[in-house]
Amino acid sequence: MGVEVGAQAARSRALAVLRVRSRALAVALLPAAVAVVLLVGGSTGHIDGPGWAVTRWIVAGFALFVLLAAVGIALVVVRSRPAVSPTVTIAEESAPDLYRMVRDLADRLEVPAPSAIALTPDCDSWLEDRTHPAHGTPRPQARDEIEGVPGVRGLPSAHRRPPAAPVLVIGSPFLWWMRVGELRAVLAPVVAGTGPSAHPDIAAARRFVRGLDAAVAVTSEPRGPLSRTVLGGAGWVARLLLRSCRGHAAEMERGVAAAAAERAQAVDYGLRIVAQEQVGLAYAGWDRLLTRVALPAWRMGRWPSRLDAGVVAALTELSRRDRLAEGFASRLGERPACDLLEEPGAIDEAASLLAARLFHGGPAETGPDWAPVDWDEYPDEVVDRKWRTDAARLHRVLDALGVSRSSGAGAGASDPEGPTLARVMDHLSDGEPGEQRESGDPGDPVVVERPETAAYEDEDEDGGPENERSSALAAGLSAEVAREEAAVAAGPAAPSGAAGQVGPDTALWDDGSLPLFPLQPPRTGRELLADHVTAMVCCAAMDTAGATPGLDWLDGPSLLINGERSVDLGPRVLSLIEEGDPAPLRTWLLHLGIRPEKPVRLV
């Protein structure tokens with residue numbers, strides 16, 4: 001009963017959307033109808049007089065103009081390519097077991113099976129219509145339009161040709177973290193949505209709304225004055241129609257979702273509750289993996305080629321640390337959903353490259369400055385290079401600010417011109433605001449100096465460090481990073497395509513505005529300075545105390561001292577750059593045997 005109610009509500013809203021289209025057509029034909037009446041009346045003598053001849057020609061001209069404008073607007077709506085989600089299409093030969101599972105699920109739900117399966121580097125799943133000629137029309141399914149009952153191929157049960165089934169888009173982290181039964185339970189309500197999608201009225205309403213949305217996007221693109229004027233009218237009409245049917249379209253989709261959810265209730269209901277918990281856990285692990293692990297690699301010109309496999313490691317580590325996730329790791333003994341793929345490694349690599357493009361804007365193919373990296377190579381290829389690159393940038397900015405290379409006390413024990421941690425610490429801790437300076441003899445009163453400068457106030461408003469020298473250093477680092485990023489953006493564009501046999505569907509979507517989903521806003525001066533000082537400390541620890549770079553699945557680059565991850569460095573660095581107090585960091589360095597006066601190796 002619930003399925004019928006939801007489907008009926010969706011169909012009624014679809015008819016409301018189609019009525020908006022019919023009214024627009026009627027408005028376009030109305031002047032022509034009036035012109036025909038006037039012309040016929042004049043030819044028969046029923047409408048005659050001195051002013052009617054001029055009226056007939058004026059109305060006929062206006063009707064012709066409206067018809068031509070309506071045809072032009074219709075062509076723009078029909079020919080505009082609807083937006084398509086960036087995905088990696090999975091051929092049936094590459095995943096026969098996955099296709100078989102989805103078809104069995106569709107048969108059990110008594111709905112048409114999806115026409116194809118694609119992966120997206122996100123924790124979500126949906127159905128997507130790709131029947132536009134520019135997308136390549138999938139092969140129609142031999143099923144009844146409404147009920148999903150197998151029919152005779154080539155002979156639709158209605159007078160209109162049944163639309164092709166939509167494409168099933170699956171979040172790639174689900175395949176690696178979820179078990180086969182859990183994935184089936186999660187996909188049940190999604191696959192059930194192909195039933196309402198096959199209804200001709202719902203399909204026509206969706207095509208109309210997608211066409212209007214695509215037309216609005218096309219007419220909004222920057223063009224020449226003439227094209228902008230011509231397409232401006234089409235865009236205004238498309239926006240007007242889209243506003244008129246937006247509410248009906250939203251209610252239609254709610255009805256479709258309700259009908260699909262109700263139909264899927266009979267499929268693995270108990271398992272679906274457990275699977276939904278895994279969806280939330282996968283999302284948390286995926287977000288941490290992208291922001292803490294993948295993003296530093298992308299900024300270094302490396303893209304991890306096994307992101308989905310990393311999700312399993314990250315979530316397993318999360319279940320080990322978080323008592324709320326206890327018991328989730330025990331599921332790993334069951335068959336993972338990625339076993340449904342013939343070559344999970346190649347598909348993971350393609351999805352990882354697509355994730356790098358969507359979230360960071362990387363090139364479509366590998367190259368000297370954009371190479372894949374395995375997890376075993378991540379500490380050396382990413383962490384070590386990142387720290388040494390940041391440390392080198394820090395010393396370049398210090399040179400530009402005219403900071404002496406002498407490291408003060410202890411400088412004579414090493415090369416005074418070498419890049420040392422002591423140079424950084426002496427600069428940030430010498431003459432900072434709020435420092436107590438002794439004036440004259442030890443018995444003289446203490447004078448607290450705190451310079452009030454515009455630069456300090458500006459940095460403080462932007463979340464910068466509350467230290468004048470730190471503020472200047474942070475500003476220099478921000479400018480240096482901005483110049484490097486501008487140089488990379490101005491470099492030669494990478495050729496379009498994909499690595500390997502399986503790759504993103506780059507022909508279906510416009511990548512001119514990448515990244516589509518940037519992970520983080522630009523880093524503030526305080527964050528940049530903290531990252532660079534931390535990198536310098538880590539370089540000193542590796543070169544003078546035998547520390548090594550490491551990878552933490554939840555926190556990203558980590559410093560390993562005697563095989564243990566260092567977790568107490570951050571607060572000490574902040575004390576130095578924000579308060580100008582080097583004591584906590586010096587104590588930490590002394591305890592671990594790190595020599596700040598020794599030069600370090602940079603890139």
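Both faces of strand β2 are covered: Ala-116, Ala-118 and Thr-120 are buried on one side, and Ile-117 and Leu-119 are buried on the other. A residue counts as buried when its relative accessible area is under 20%, as exposed when it is over 50%, and as partly exposed in between, with a 1.4 Å probe and protein chains only. In a regular strand the side chains alternate between the two faces of the sheet. Five of the five residues of β2 (residues 116–120) are buried, so the strand is largely enclosed by the rest of the structure.

This is a predicted model, in which local features need pLDDT of at least 70 and side-chain atom pairs count only at pLDDT 80 or more, while totals for chains, interfaces and linings use all residues. Residues are numbered from 1 along each chain as its sequence is written, and side-chain values use heavy atoms, with hydrogens and water left out.

Strands of a sheet pair through backbone hydrogen bonds, either parallel or antiparallel. Here two strands are said to pair if DSSP finds at least two bridges between them. Helices (H or I, at least four residues) and strands (E, at least two) are DSSP runs, numbered from the N terminus. Strand β1 (residues 88–90) runs antiparallel to β2 and is joined to it by three bridges; Ile-90 stands opposite Ile-117 of β2. With strand β4 (residues 167–171), β2 pairs in the parallel sense over five bridges, and Leu-119 stands opposite Ile-170 of β4.

The structure holds two cavities of 30 Å³ or more. On a 1 Å grid over the protein atoms alone, a cavity is a set of points where a 1.4 Å probe fits but cannot get out, and its lining residues have an atom within 4 Å of a point. Grid points are joined across faces, edges and corners, and a volume is the space filled by probe spheres set on the points. The second largest cavity has about 30 Å³ of space. Its lining consists of Tyr-99, Val-102, Arg-103, Ala-113, Pro-114 and Ile-117. Helix α3 (residues 96–109) gives the most to this lining, with three residues. By class, the lining has five nonpolar, no polar and one charged residues. In this classification Ala, Val, Leu, Ile, Met, Phe, Trp, Tyr, Cys and Pro are nonpolar, Asp, Glu, Lys and Arg are charged, and the others, Gly among them, are polar.

**Aromatic pairs**

Which three residues form one aromatic cluster? They are Trp-375, Tyr-378 and Trp-553. The structure holds two aromatic pairs. Rings of Phe, Tyr and Trp (its six-membered ring) pair if their centres lie within 6.5 Å; planes under 30 degrees apart count as stacked, over 60 as edge-to-face and the rest as tilted.

| Pair | Distance between centres | Angle between planes | Type |
|---|---|---|---|
| Trp-375 and Tyr-378 | 5.9 Å | 45° | tilted |
| Trp-375 and Trp-553 | 4.9 Å | 75° | edge-to-face |

The pair of Trp-375 and Trp-553 links distant parts of the chain, 178 residues apart. Trp-375 lies in the loop between β6 (371–373) and α12 (378–400), and Trp-553 in the loop between β9 (548–552) and β10 (556–561). Trp-375 is buried, with a relative accessible area of 15%, and Tyr-378 is buried at 0%. Trp-553, at 23%, is partly exposed.

**The sheet of β9, β10 and β11**

An open sheet of three strands has the order β9-β10-β11, with antiparallel pairing. Strands β9 and β11 (564–565) stand at the edges with a single partner strand each, so one side of each is left without a neighbour in the sheet. Two bridges join β10 to β11, and Leu-560 has Arg-565 in β11 as its bridge partner.

**Positive phi values in two loops**

Asn-562, in the loop between β10 and β11, has a phi near 55°, a positive value in a residue other than glycine. Asn-562 is exposed, at 77% relative accessibility. Glu-110, in the loop between α3 and β2, has a positive phi near 60° and is likewise a residue other than glycine. Its relative accessible area is 52%, so Glu-110 is exposed.

**The chain as a whole**

The secondary structure of the chain comes to 18 helices and 11 strands. Of its 603 residues, 46% are buried. A contact means heavy atoms within 4.5 Å. Among the contacts in the chain with a separation of 6 or more, 79% are between residues 24 or more positions apart.

Terms used: 1 Å grid on protein atoms, 1.4 Å probe; cavity = no way out; pocket = protein on both sides within 12 Å on 5 of 7 lines; lining within 4 Å.
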